[in-house]
Amino acid sequence: MTKINKTDTESRTNGLDHEVVIIGAGFSGIGAAIELDRAGFTDLLLIEEGDGVGGAWHWNTYPGVGVDIPSFSYQFSFEQRGNWSRVYAPGRELKAYADHCVDKYELRDRIRFSTRVTSGTFDDDTDSWTIGLSDGTSLRARSIVVATGVLTQPKPPQIDGIEDYRGTTMHTARWDHDVDLAGKRVGIIGTGASAVQVIPSIAPEVEDLVVFQRTPIWCLPKPDARLSAPLKLALGVPGAKSVSRFVSELFVEANFPVPAHFYGYLPLADGAEKIGHALLRAQVKDPVVREKLTPKYGLGCKRPSFSNKYLPSYNRENVHLETTSIKRVTETGVETVDGTHHELDVLILATGFKVFEKGNMPPIPVTGSQGADLDAFWEENRFQAFQGVSIPGFPNAFLILGPYGFNGSSYFNLIETQSRHIVRALKEARRRKATRVEVSPEANERYFQRMLARRPKQVFYRDACSTANSYYFDAHGDVPLRPALTIEAKWEAATYPLDSYLYSSAVAR
């Protein structure tokens with residue numbers, strides 16, 4: 001049964017449908033909803049485009065899909081599992097974990113499924129948001145939380161003729177399980193994180209697999225293993241889950257935030273490159289293929305991968321690496337610029353997702369105070385947001401994965417950190433009886449300049465990254481990741497001055 005309390009009545013009295021609307025029911029939306037509910041903001045609604053929860057783990061069901069950091073870190077601190085099947089859990093277990101959290105924290109009846117948000121418009125007179133929906137209706141809410149994640153909006157490749165292909169085409173993020181790949185001639189475009197998981201999973205069953213590679217990926221050993229029954233039992237000991245999570249988070253911190261954001265002080269990425277080269281020598285037999293798989297850019301410039309199965313796939317007789325650029329897709333396959341034509345039955349697009357670009361940042365048209373357009377604001381002023389959460393000119397609107405919010409550690413650290421930031425701002429607004437809360441331009445500018453000042457020490461801005469073709473970089477040449485350790489991000493969310501925000505009431509104006 002939906003929770004109803006005083007705030008529900010207040011929202012209806014003020015002509016609002018809900019106090020808070022959360023866009024997205026992936027882990028971002030789930031975490032934000034739990035944190036808000038705990039803080040007394042119970043009149044909330046989650047709007048989800050899909051027909052189930054889990055976000056990336058609902059949409060991405062391709063063969064081999066799994067988490068790329070240890071499962072002990074990839075979970076909420078307040079809801080830790082001890083029965084993962086592996087150190088790196090498969091996707092189906094993450095999907096099940098999302099369902100578990102939704103049911104345990106009584107969120108399911110506060111989720112509107114199979115509904116896409118089409119717009120968000122702020123009304124200065126009433127200090128409320130009007131949320132347009134795909135069915136032609138709309139909702140009004142005091143505040144919105146954009147929790148649409150990052151690995152959900154597929155990015156199709158810009159290749160001539162791709163719409164003319166008569167075979168089966170599918171993106172890894174929209175896998176068609178009715179397609180039987182056994183004995184088929186398959187092509188896969190892309191060698192990013194998804195492809196690294198798909199390729200070794202389908203190679204044993206297809207007749208022929210052609211991998212079209214533009215930029216090779218750095219691949220490092222994956223410390224994965226099945227969790228034994230005794231170990232799972234040991235994780236049931238009081239405190240064991242917290243210890244395993246802490247150790248796992250140290251591992252994750254040492255693998256990305258530290259080497260990526262503090263390269264100028266600790267060039268750890270250089271040492272990791274030696275590990276990557278050693279893995280290539282050990283796992284790829286053909287020296288010509290090995291050379292093609294060797295990155296020519298520095299490690300850390302783009303998202304690396306961890307796998308013990310990807311590189312050995314190229315030792316198979318039915319797996320072929322094609323590094324010649326694609327000229328066009330034909331009705332029956334793919335033609336490269338040297339005139340070679342690859343006849344294919346199935347074409348898989350492992351071309352990634354929209355990240356810091358139009359179509360995902362923002363994921364919908366957002367119109368703020370005085371008609372301000374969020375897309376235009378970022379285009380004119382570069383991607384920026386106070387602690388990755390709030391943007392001046394867009395009151396009562398909060399982001400989970402905003403510019404300079406995510407530092408590259410566990411995504412669950414980001415969710416919990418940003419949710420606490422949001423709760424602090426909303427609780428202060430409630431204490432002041434304010435209907436409008438908006439980050440001040442001065443607080444936002446101070447934070448933005450502080451983030452930019454740290455760029456020279458980051459791994460991304462060295463010359464070795466010039467050929468990486470990395471989605472980390474936006475159209476402005478910035479990498480809007482937060483150059484900070486996780487502990488700093490958590491501390492700042494818990495201690496930022498509350499007067500970083502401006503508070504007012506529509507009644508008083």
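**View 1. A buried pair, Arg-110 and Asp-37.** Both Arg-110 and Asp-37 are buried, where buried means under 20% relative accessible area, exposed means over 50%, and partly exposed is in between (1.4 Å probe, protein chains only). Their side chains meet in a salt bridge, with N to O at 3.1 Å; a salt bridge here is a side-chain nitrogen of Lys or Arg within 4 Å of a carboxyl oxygen of Asp or Glu. The pair links distant parts of the chain, 73 residues apart: Arg-110 sits in the loop between helix H4 (91–104) and strand S3 (111–112), and Asp-37 in helix H2 (residues 27–38). Helices (H or I, at least four residues) and strands (E, at least two) are DSSP runs, numbered from the N terminus. Please keep in mind that this is a predicted model, in which local features need pLDDT of at least 70, side-chain atom pairs count only at pLDDT 80 or more, and totals for chains, interfaces and linings use all residues. Residues are numbered from 1 along each chain as its sequence is written, and side-chain values use heavy atoms, with hydrogens and water left out.

View 2. The side chains of Arg-436 and Asp-127 form a salt bridge at 4.0 Å, N to O. This pair links parts of the chain 309 residues apart, with Arg-436 in strand S19 (residues 436–439) and Asp-127 in the loop between strand S4 (117–123) and strand S5 (128–133). Arg-436 and Asp-127 are both buried.

**View 3. A loop-to-loop pair, Arg-166 and Glu-331.** In the salt bridge between Arg-166 and Glu-331, the closest N and O atoms are 3.4 Å apart. Arg-166 lies in the loop between strand S6 (138–146) and strand S7 (168–171), and Glu-331 in the loop between strand S13 (326–329) and strand S14 (333–336), so the pair ties together parts that are 165 residues apart in sequence. Arg-166 is exposed, at 67% relative accessible area, while Glu-331 is partly exposed, at 39%. Elsewhere, salt bridges that share partners join Arg-450, Arg-454, Arg-482, Glu-488 and Glu-492 into one network. The count of salt bridges comes to 29.

**View 4. His-261 and its surroundings.** His-261 lies in helix H8 (residues 257–261) and is buried, with a relative accessible area of 2%. Its side chain reaches the backbone oxygen of Asn-407 at 2.9 Å. The backbone oxygen of Arg-482 lies 3.1 Å from a polar atom of the His-261 side chain. Leaving aside neighbours within four places in sequence, the residues in contact with His-261 (heavy atoms within 4.5 Å) include Phe-256, Lys-457, Phe-460 and Pro-483.

**View 5. Ser-470 in its loop.** Ser-470 belongs to the loop between helix H13 (441–453) and helix H14 (486–495), and is buried with a relative accessible area of 12%. Not counting residues up to four places away in sequence, Ser-470 touches Cys-301 and Lys-302. The side chain of Ser-470 reaches the backbone oxygen of Cys-301 at 2.9 Å. Ser-470 and Thr-215 are 255 residues apart in sequence, yet 9.4 Å apart in space, C-alpha to C-alpha.

**View 6. The whole chain, for orientation.** The protein chain has 14 helices and 20 strands. Buried residues make up 56% of its 509 residues. The C-alpha atoms fill a box of roughly 75 × 50 × 45 Å along the principal axes.

Notes: Polar contact = N/O pair within 3.5 Å; in protein donor to acceptor, adjacent residues only side chain to side chain.
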